[in-house]
Amino acid sequence: MDIDYVSMKNFRQYLDVRIEFARNPPKNFTIIQGVNGAGKTNLLNAITWCLFGWELHVDTKYKGLPIVNTTTLDESGEDLFEVKVEIQFIEADGNKMVVTRSNHYKKGKGGDVPEVPSPHSLAVMQQRGREWIGPVYGDDAQYIINNRVPPSIEEYFFFDGERMDDYFKENTGKDIKSAVFEISQLDLFEKLISHLSARRADFLKRAHGLGSKAEELSERVQIHTQSLETDKEILEELQLKKSEAERLERECSEKLKNSSLEHIQQLEDQRSTLSIEISDLEGQIAEIEEDRLKLLHKSMPIILSYDALAKTKNLIDGRREAGLIPPLYQRIFIENLLRKGKCICASDITGKDEYSASRRKKVETFLEGSELSEKSNELIESNTLIRKMMEEVAGFREEIVELDKKLKRVQEAKEEKEKVLGKIDQEIKQSNVENIKLWGQEREKYSREKERLIGEIAKQKNQMERRHNIIRATNSELNQELRKEAKHKSLLELLAICDEGIKSAQEVRDTIMRKVKEEIEKKTSEQFLALIWKKDTYKGVCIYDDYNISVPHVSGREGLGTLSAGERQVCALSFMAALNSVSGFEVPIIVDTPLARISSEPSRNIAKNLPNYLQNKQVTLLVTEKEYTPEVAKELSERVGKTYVIDVIEKERGNLAEVRLIE
Amino acid sequence: MSNVNRRIIETIEESDFPKDIKNMLKTLLNIELRNSQFKNPLYGKDYDRAVIELAEARHRRESK
């Protein structure tokens with residue numbers, strides 16, 4: 001980001017001045033030359049005042065005085081006076097940014113010049129391609145400027161050469177370190193690490209709630225599935241045994257049926273008929289029991305909540321009869337009436353008379369009650385539903401009594417037939433014929449075995465059904481857990497990426513910090529040794545981790561404390577040049593009186609070497625004639641694009657400054 | 001609109017981290033730089049998006 005121009009109006013000695021700066025490398029150095037007191041420092045002050053609202057270094061003779069040009073203020077017939085500084089920057093992408101700060105002052109009593117506050121004192125306009133954005137005023141404008149040139153690092157770009165040696169007083173390392181941090185944008189890493197750590201903590205929190213039971217559930221499913229296989233085998237075995245018992249029972253019956261004794265044959269025929277009838281009755285019993293169960297399932301929930309349903313129904317009916325439930329209407333209908341200015345009865349409600357107003361109020365009351373109206377609809381629907389449910393169970397008592405009676409009748413009929421069957425069996429077993437007796441006994445034995453096996457099979461089937469249910473439920477739970485597990489796994493992946501990101505960011509930050517410090521140290525040292533006129537006196541410049549500086553003497557003792565003011569200035573210049581070259585921060589450099597304390601030969605040496613350390617940087621040097629000797633000018637000639645001279649115009653009540661382009 | 005310091009970008013590029021992590025760092029630094037130009041920025045969604053996109057890209061690569 002380069003400065004394109006600075007324009008000043010009524011700022012201290014500058015009445016109406018515009019300075020355009022050299023911008024095209026390699027000739028991107030601007031020299032502004034002026035005698036002491038001409039206004040060089042106030043030009044630098046105008047820039048910092050425009051950007052931040054303060055002046056970098058106010059000369060003793062201006063201290064306590066307002067920034068307004070008092071000479072012209074006195075000569076002006078106006079009461080209100082404007083001080084304005086405007087800077088146009090050109091960014092790396094070619095877009096422009098214009099910063100304007102203006103204050104208004106008025107003539108007060110006794111020579112006072114009070115400021116007239118204005119919310120639009122600071123304004124920023126930004127170019128984006130063909131469009132201009134803004135102006136943005138006040139705090140928002142300051143925010144934009146601070147992001148381009150953070151105020152905390154301002155003094156590392158806009159230097160006052162007279163005060164440069166102050167930078168290397170003791171214990172300034174911490175400030176320099178934090179400036180390097182900001183200049184190198186390492187603060188972005190601190191924010192990145194902090195925000196990524198916050199996301200990591202969030203992912204971790206979410207993952208904690210998803211500890212999976214999937215493995216345990218999967219094992220449970222496996223165990224039950226294996227047991228189900230065993231159950232199937234047992235069931236098959238029981239069914240085989242039952243079939244065998246049935247076969248043997250049938251064989252005995254066949255033998256008895258085919259016996260030569262007519263009486264036995266008749267008994268067997270009777271027995272056979274009875275068995276069929278009993279089986280039929282058993283079917284009827286099963287049907288009745290099923291019907292009974294269905295009736296209970298359907299009616300019991302309503303019967304159990306019958307009292308509550310009846311109470312609700314009575315309550316709603318009571319309210320409706322008392323007219324306490326609002327009528328049913330749509331909000332949109334009322335809104336339409338109000339918009340058309342009509343009542344429900346079609347009379348006009350827009351008039352100012354009492355009748356019209358009262359109708360309108362009534363319609364508005366309906367609008368307020370529209371939500372209640374929607375609720376009343378729900379209440380009426382619920383009441384209809386309750387009535388239907390109560391009607392459904394009205395005949396429950398009669399139905400269940402009728403089913404119970406029917407069941408009892410069929411069971412009694414079945415018991416009767418079983419009794420007859422038992423007598424027949426008893427008679428066969430007590431036969432005098434040995435074979436008949438034996439077959440009868442055996443059939444009874446196989447029949448009992450069959451009944452026992454039927455019981456066992458039913459139990460086994462029940463157990464298998466339970467196991468099926470367990471497997472189904474566990475599988476459903478397992479699926480949920482697997483979904484949770486997948487989410488858990490993906491959160492753990494995100495967590496790992498955060499860890500990787502944090503670690504990488506820390507490593508990059510530490511690498512840059514180390515490299516920046518090493519490079520600044522190397523360049524400061526090289527530059528210092530190249531610029532210093534007392535060759536072979538110092539070993540170089542060391543920068544510690546805390547950014548405190550040491551200038552070791554060749555003898556090994558510390559030399560920083562014994563450096564002359566000029567040597568300190570060289571050290572500071574070397575450091576600033578190194579800092580700028582290493583930082584990669586794109587802010588122009590302006591140095592006021594860079595060579596004031598340095599004698600002619602070293603100055604020439606500095607002029608020759610300094611530009612090498614400020615490659616591609618837009619640099620402005622505010623110099624006196626004494627500093628900007630022909631030798632210095634010659635050394636800088638390949639980099640200087642514009643040279644100005646500040647002319648002092650003496651006035652009775654204070655000097656004015658005019659800036660003249662000389663090449 | 002200013003850019004992330006080229007030294008930072010160069011150091012990230014020269015590092016041995018996986019390419020997707022390098023890209024994520026650059027994305028997050030740009031988010032920080034962009035957000036530093038607003039007064040009350042919200043970070044959560046931008047950060048989540050960057051992390052999730054990286055995870056998804058890794059899944060896509062693994063499934064190929």
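So, which strand of chain A pairs with strand 5 (residues 96-106) of chain A, and over how many bridges? Strand 7, residues 122-128, and the two run antiparallel over 5 bridges.

Before I go on, a word on what we're looking at. This is a predicted model, so local features need pLDDT of at least 70 and side-chain atom pairs count only at pLDDT 80 or more, while totals for chains, interfaces and linings use all residues. Residues are numbered from 1 along each chain as its sequence is written, and chains are lettered from A and ligands numbered from 1 in the order in which they are written.

Helices (H or I, at least four residues) and strands (E, at least two) are DSSP runs, numbered from the N terminus. Two strands pair if DSSP finds at least two bridges between them.

Okay, back to those strands. R101(A) has L122(A) of strand 7 as its bridge partner. Strand 7 of chain A also pairs with strand 8 (residues 131-137) of chain A, again antiparallel, through 5 bridges. There, Q126(A) sits opposite I133(A). Strands 7 and 8 of chain A make a hairpin with 2 residues between the strands, and G129(A) takes a positive phi near 65°.

Strand 1 (residues 2-11) of chain A pairs with strand 2 (residues 14-20) of chain A, antiparallel, over 6 bridges. Those two form a hairpin as well, with 2 residues between them, and R12(A) in the turn has a positive phi of about 45°. Strand 1 of chain A is also joined to strand 4 (residues 80-90) of chain A, antiparallel, by 7 bridges. Keep an eye on S7(A): it stands opposite R18(A) in strand 2 of chain A, and opposite E86(A) in strand 4 of chain A.

Let's zoom out. Chain A has 16 helices and 15 strands. Of its 663 residues, 27% count as buried. Buried here is 20 or more other C-beta atoms within 10 Å of a residue's own, exposed is 12 or fewer, and partly exposed is in between, with C-beta atoms placed from the backbone. And contact? That's two residues whose C-beta atoms, placed from the backbone, lie within 7 Å. Among contacts in chain A between residues at least 6 apart in sequence, 72% join residues at least 24 apart.

G34(A) is in the loop between strand 3 (29-33) and helix 1 (40-52) of chain A. Why does G34(A) count as buried? Because it has 22 C-beta neighbours inside 10 Å. Leaving out residues up to four places away in sequence, G34(A) touches G39(A), K40(A), V645(A) and I646(A). G34(A) and Y628(A) are 594 residues apart in sequence, yet 9.8 Å apart in space, C-alpha to C-alpha.

On to chain B. That chain has 3 helices and 0 strands, and 20% of its 64 residues count as buried.

Where do the chains meet? 26 residues of chain A are in contact with 27 residues of chain B. On the chain A side, helix 3 (138-148), helix 5 (186-208) and helix 13 (434-531) each supply at least two residues. Helix 13 of chain A gives the most, with 13 residues.

Now look at helix 3 (residues 44-63) of chain B. Y47(B), A50(B), V51(B) and L54(B) are buried in that helix. Seen down the axis, the buried residues of helix 3 of chain B fall within an arc of 90° (taken from the directions from the helix axis to the C-beta atoms), so they line one face of the helix. They pack against helix 5 and helix 13 of chain A, together with helix 2 (19-35) of chain B. On the other side of helix 3 of chain B, exposed residues include K45(B), R49(B) and E56(B).

Last stop, the cores. A nonpolar core is a set of buried Ala, Val, Leu, Ile, Met, Phe, Trp, Tyr and Cys residues joined through C-beta atoms within 7 Å. The largest has 108 residues, and A46(A), I47(A) and L28(B) touch the most other members. Helix 13 of chain A gives the most to this core, with 11 residues. Not counting residues up to four places away in sequence, L28(B) touches L192(A), L196(A), Y47(B) and A50(B).
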